[in-house]
Amino acid sequence: MIDERFSEGNSFLHSLDPRVKIAVVFPFACVIALSQKVPVAVLCLFVSLALLLCARLRIVNVLKSLKVLFIFIILLWIFLPLSMPGVPLYTHGSLIVSREGILRALLITLKSTAIVLRIVSLLATSTVFSLVHAMSHFRLPKKLLYLAFLSYRYIHVLYVEYARLRDAMRIRGFKPGTNMHTYKTYGYLIGMLIIRSYDRSERIYRAMLCRGFQGRFYLLNRFKMRKTDVLFASIMTVILSGVIWLEWVAEILL
């Protein structure tokens, strides 16, 4: 979802202070997650789509990054209308599609899509390093931030190592199947990946010690709050207040 390719842009959202992005994203996500009204979810989805257009990201790349969300939504629409009790809309034998199940699937789809699109349009338009740097301004534990940054950095390295081993297996004519040879081969693959990961972690740790690492990263640059950041935060605060008010009105009227 947070793809480094999305941070390479020159849109208005790319130039925003990452601290403002984080401060705007998480309250919005909490409000949407707690919402129980479809009109409110629709409004939030339109706001997220507007932000996505402002980010000027390639739609194809955005859709590729949302594959996991699409799989979740498909499974949701398959099982929820059939498993949730309520007013039956369609019956075929023992299968009953309920009205409440469809409404709940629609509500979850709208809310999850709105949250994920806002995360992509705001957080993904900044580098992971700048986001970790910004989170340090919110007084989060340093060790947790370092762990998050190093995990993100080296999960990709481990995937590259896995891809190299997998390609080596294919070059040697390996074809997976449901037999003992396949299971043993995958076991060797996992074992080699663990050994190489441990060896690489030792080399990285020694390299950090050689460079004087003492348990913290020193920052050379500092964030500067600009008028555009304050204006954007104010607009998002007004929109969030409007969403909360609309949720309250919908709760009374519906």
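Analyst: **A close look at helix packing**

Arg-99 is partly exposed, with a relative accessible area of 42%; by this scale, buried means under 20% relative accessible area, exposed means over 50%, and partly exposed lies in between, using a 1.4 Å probe and protein chains only. The model is predicted, so local features need a pLDDT of at least 70 and side-chain atom pairs count only at pLDDT 80 or more, while totals for chains, interfaces and linings use all residues. Residues are numbered from 1 along each chain as its sequence is written, and side-chain values use heavy atoms, leaving out hydrogens and water.

Arg-99 belongs to helix H5, where helices (H or I, at least four residues) and strands (E, at least two) are DSSP runs numbered from the N terminus. Leaving aside residues up to four places away in sequence, Arg-99 touches Val-87 and Leu-89; contact here means heavy atoms within 4.5 Å. The C-alpha atoms of Arg-99 and Pro-88 are separated by 6.1 Å, although the two residues are 11 residues apart along the chain.

The largest nonpolar core has 39 residues, a core being a set of buried Ala, Val, Leu, Ile, Met, Phe, Trp, Tyr and Cys residues joined through side-chain atoms within 4.5 Å. The elements giving two or more residues to this core are H1, H2 (38–55), H4 (67–83), H5 (99–122), H6 (128–136) and H9. Its largest share, nine residues, comes from H5. Among the residues with the most contacts inside the core are Cys-44, Leu-122 and Phe-232. Cys-44 touches Phe-28, Ile-32, Ala-114 and Val-243, not counting residues up to four places away in sequence.

The axes of H1 (residues 18–34) and H9 (residues 227–253) come within 10 Å and cross at roughly 5°. That makes H1 roughly parallel to H9. Axes are lines fitted to C-alpha atoms, for helices over the stretch in contact, and angles run from 0 to 180 degrees between N-to-C directions; angles under 35 degrees count as roughly parallel, over 145 as roughly antiparallel, 65 to 115 as roughly perpendicular and the rest as oblique.

Where H1 meets H9, Val-20, Val-24, Pro-27, Phe-28 and Val-31 of H1 face a group in H9 that includes Asp-229, Phe-232, Met-236 and Leu-240. The residues of this contact divide into 11 nonpolar, no polar and one charged. In this scheme Ala, Val, Leu, Ile, Met, Phe, Trp, Tyr, Cys and Pro count as nonpolar, Asp, Glu, Lys and Arg as charged, and the others, Gly among them, as polar.

H1 packs against H6 at another angle: about 75°, with the axes 8 Å apart. H1 and H6 are therefore roughly perpendicular to each other. In this contact Pro-18, Arg-19 and Ile-22 of H1 meet Ser-130, Leu-131, Ala-134 and Met-135 of H6. By class, the contact has five nonpolar, one polar and one charged residues. Ser-130, in helix H6, is buried, with a relative accessible area of 13%. Beyond residues up to four places away in sequence, Ser-130 touches Pro-18 and Phe-223.

Leu-34, also found in H1, is exposed, with a relative accessible area of 67%. Leu-34 and Lys-111 are 77 residues apart in sequence and 9.3 Å apart in space, C-alpha to C-alpha.

Aromatic rings provide a further link. A search of the whole structure finds three aromatic pairs; rings of Phe, Tyr and Trp (its six-membered ring) pair if their centres lie within 6.5 Å, and planes under 30 degrees apart count as stacked, over 60 as edge-to-face and the rest as tilted. One of these pairs joins Phe-12 and Phe-232, whose ring centres are 5.9 Å apart and whose planes stand at 65°, so the pair is edge-to-face. Phe-12 lies in the segment before H1 and Phe-232 in H9, so the pair ties together parts that are 220 residues apart in sequence. Phe-12, at 40% relative accessibility, counts as partly exposed, whereas Phe-232 is buried, with a relative accessible area of 5%.
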